[in-house]
Amino acid sequence: MTAALVTGLGVISPAGLDTETHWANTLAGRCAIGPLTRFDASGYASTLAGEVPEFDPREHLPGRLVPQTDHMTRLALLVADAALADTDVDVAALGEFGVGVVTASSAGGFEFGHRELEKLWSRGPEHVSAYQSFAWFYAVNTGQISIRHGMRGPSGVLVTEQAGGLDALGQARRHVRGELPMMVTGGVDGWLCPWGWVAHQASGCLSRSTDPGRAYLPFSADAAGYVPGEGGALFVVESAESARARGARPRYGVVAGYAATFDPPPGSGREPSLRRAIEAALADARVAPADVDVVFADAVGLPELDAAEARALAAVFGPYGVPVTVPKTMTGRLGAGGAALDVANALLSIRDGVLPPTVNVTGPAPGHELDLVTTAREARVRTALVVARGHGGFNSALVVTA
Amino acid sequence: MTRRAVITGIGVLAPSANGKKSFWDLLASGRTATRRISFFDPAPFRSQVAAECDFDPLRDGLSHQQARRMDRAAQFAVVGAREGLADSGLDLDATDPTRRGVVIGSAVGCTMSLEREYVVVSDGGARWLVDQGHAVPHLFDYLVPSSIAREVAWEVGAEGPVSLVSTGCTSGLDAVGRAAELVVEGAADVMVCGATDAPISPITMACFDAIKATTPRNDDPATASRPFDRTRNGFVLGEGCAVFVLEELEHARRRGARLYAEVAGFASRANAYHMTGLRPDGVEMAEAIRAALARARTAPDEVDYVNAHGSGTKQNDRHETAAVKRSLGAHAYATPVSSIKSMIGHSLGAIGSLEIAACVLAMENNVVPPTANLHEPDPECDLDYVPLRAREHRVDTVLSVGSGFGGFQTAMVLRRPERSAA
Amino acid sequence: MATLDLPVLRDILRECAGEDDAADLGGDILDVPFSDLGYDSLALLETASVIQRRFGARLADDAVTQAQTPRALLDLTNRAIAGDG
């Protein structure tokens, strides 16, 4: 079976509007979580978020696209542009149907939808925008990316909350292992609007801290919820044949293993399924636990879920058996973009031989037998595991190798 | 040995048709389920018709807690999964939950609950900064529709791969196609898969009004959905779900399961053209059909029936007719083509799975469901659309196609399992 | 009664459909087809919807689709405003 290579990547995160800024800030351990500025959140129970730095979409996107896109889709279009520019590919040269798009989504273009709901209910149906028919829906990023870049291959959209970025990469790998030369895949999210915020708060999983340095402390004894963020990453995933034929540069790594499982229903007494996802992804990649150089953990920041993840990691790798890091402590959890951003972090770790830190956490809580990377650490990285869980029991694991 | 994915159970909830049997009775009779909207006062809207399900969560078997917790689309999916599971005869306790997965398709997720709760927390739209004090605890589940797949996974005890697919109006085909890929690859032996949507709410009606996609034929709702007819002027919104038990062929044979149909081929393409518009030549859908037939090792002239997307918009029906001709060649004219949306409306993401159910039942009965309300074909739509009345016809191989906002074009080939085994 | 003129139409187009980078909306566009200005059917539906609300004019769906230039759309709107559209 042909290898699925990552030959391009693009990132937008609270830590930076481009890959290298994001990565430099991440390695420096700069926490990008802060008070919400996109709207006045002072009346809400939770007030911190990881916001992408401000930018003017009109400087980056065609004027015609701006009125018909939600903030989230503008981010996704910028990230796709960056990923494609990174590998300098001529899409048309790969055949009429040679490139497809599969993205993860979580809440769609929620702010756009909120505005149209407001128009409908306060002013009437004739005030609702023609763009509402697609600007808010879950498939919008895939559709807009495929249109912008003329990508007519198989396309898809997966929703598994925070696990979606890995599931999209798994689907893209399937196509590339089939007959397709190239896929654009990953996830970019943005849901920081009042209506999205209220819905998010209802999960009961958000931190209520007002101190950006103390709000999101996964695996620590003080873990009390997480901070939402926005942004994500997209990748150019390419068959080894295609990459060779066009002399593709750069080569970040190989999508070597992937698996997804689901937790048993609450109260069943059965073991959570995360460990099985990790073991299956390692087996799929044909690597042993001892081969793994770093784990990018899901790290929800809720004691029970943190404990379950710590147990699964200790069971697979042995107590303190592998360096574990959580760079999302600097950005918050990015919905459909979160796991994709971790894959970008993993690939950049391979490239630069360095593990990004987990910030604000001084060490794991008693009982979590984790080698938590709390300051950036130089290391030869040939194999990295990314773990992601979606609200309600979705577990995904992905292995990238050099 | 190559693994194959076969449908062994069917659950359906459709407008005016609860359950697989009543669904087929409706389709075979050519009756329509399109009516004036009853869920809210449709008077302020351009299009005032829809195809609504007769559904009551408690009467239809859900607990009070499930009824409270779940959006209508999730309720549909759980009830559909129950029927599909019962129909398959699969014993959950005797099979490995880790080898069981779920893929549910949905175009608009929990949109009804989101709108209802928005009205509550915003004081009827009066406030932009919404009032957190009135939010229900399940609001996050409505925000992210993977909660629908989770509910089905809990219902069927799935611990294998679980996901929600949301590719607009091709979600129902894409979800079953993805499930078949997972079975063939070996990621699971049993996939509970299908699609659900419950979009009949003011915001959905308003957004389709704004682009004139839905029909303004409000004076005679029962004949409002008119695919391929010269007088068609938009689709009729519908709702519902179909959920299947999809199983690896040998796994199904070992337990003596009834084999409805093999998902023999599946492919999707994007038009990369426009979020809502279609290129008239149908070239991307034709390419999806070609690829799905190739995957199924099926020649164009082996197709016995084409289940059309047939939404009843001006552009869709021409686009699709062009695509079928482009891909099937001369055989396009010799093959019956019909749209069940003429009877049950267009339930967005759910419809692709409802159409798969119709295809499988057409195969079982050797009857092709009709295109209702087709009296005067559009001269540009010149295939055999089986107008008004169902037709007896040997059906061993079916092609089902779908087209969705975002440019998605999907084709699936379903085949009588005896033929697959040969 | 207020009528719709080109400068106002320009503003409405910019607001609800954006401006194509290749097209010069500020130039002499009265008889330039909307498609050459980068506007598709959705952009025109959105524009027509704003015009109808702002000027209280009723524009028939088919008439909007057939108005292929700014001049045609201005004529259509102003006839409707005058009550003989």
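Q: Let's start with chain A and chain C: how many residue pairs are in polar contact between them?
A: Keep in mind that this is a predicted model. Between chain A and chain C there are 9 residue pairs in polar contact, with both residues at pLDDT 80 or more. By class, the side of chain A that touches chain C is made up of 5 nonpolar, 3 polar and 2 charged residues.

Q: How many salt bridges are there between chain A and chain C, and which side chains meet?
A: For a salt bridge, you look for a side-chain nitrogen of Lys or Arg within 4 Å of a carboxyl oxygen of Asp or Glu. The count here is 1. D40(C) and R64(A) are the partners, at 3.2 Å from N to O.

Q: How do I read the size of an interface, and what area do chain A and chain C bury?
A: The size is often given as the accessible area that is lost when the parts come together. For chain A and chain C that is about 960 Å², 49% of it on carbon and sulfur atoms. In terms of contacts, 10 residues of chain A meet 15 residues of chain C.

Q: Which residues of chain A lose the most area to chain C?
A: Look at R64(A), A130(A) and Y131(A), which together make up 53% of what the chain A side buries. R64(A) is also the salt-bridge partner of D40(C).

Q: Now for an interface inside one chain. Into which domains is chain B divided?
A: Domain 1 of chain B runs over 5-254, and domain 2 over 265-417. Their C-alpha centres lie 21 Å apart. The contact between them draws on 63 residues from domain 1 of chain B and 65 from domain 2 of chain B.

Q: What area do domain 1 and domain 2 of chain B bury between them?
A: You can read this one just like the chain interface. The two domains of chain B bury about 4700 Å², with 69% of it on carbon and sulfur atoms.

Q: And how many salt bridges and polar contacts are there between the two domains of chain B?
A: There are 3 salt bridges between them. R230(B) and E376(B) meet in a salt bridge at 2.9 Å, N to O. Across the domain interface of chain B, 22 residue pairs are in polar contact.

Q: Which element gives the most to the side of domain 1 of chain B that touches domain 2 of chain B?
A: That's helix 7 of chain B, with 8 residues. Several elements give two or more residues to that side, including strand 1 (5-14) and helix 7 (171-185) of chain B. By class, this side of domain 1 of chain B has 33 nonpolar, 19 polar and 11 charged residues.

Terms used: Residues are numbered from 1 along each chain as its sequence is written. Chains are lettered from A and ligands numbered from 1 in the order in which they are written. This is a predicted model: local features need pLDDT of at least 70, side-chain atom pairs count only at pLDDT 80 or more; totals for chains, interfaces and linings use all residues. Side-chain values use heavy atoms; hydrogens and water are left out. Domain bounds come from an automatic or database domain assignment. Contact means heavy atoms within 4.5 Å. Buried area is the accessible area (1.4 Å probe) that two parts lose on being put together, summed over both. A polar contact is a pair of N or O atoms within 3.5 Å; within protein, one must be able to donate a hydrogen and the other to accept it, and residues adjacent in sequence count only if both atoms are side-chain atoms. Helices (H or I, at least four residues) and strands (E, at least two) are DSSP runs, numbered from the N terminus. Ala, Val, Leu, Ile, Met, Phe, Trp, Tyr, Cys and Pro count as nonpolar, Asp, Glu, Lys and Arg as charged, and the others, Gly among them, as polar.
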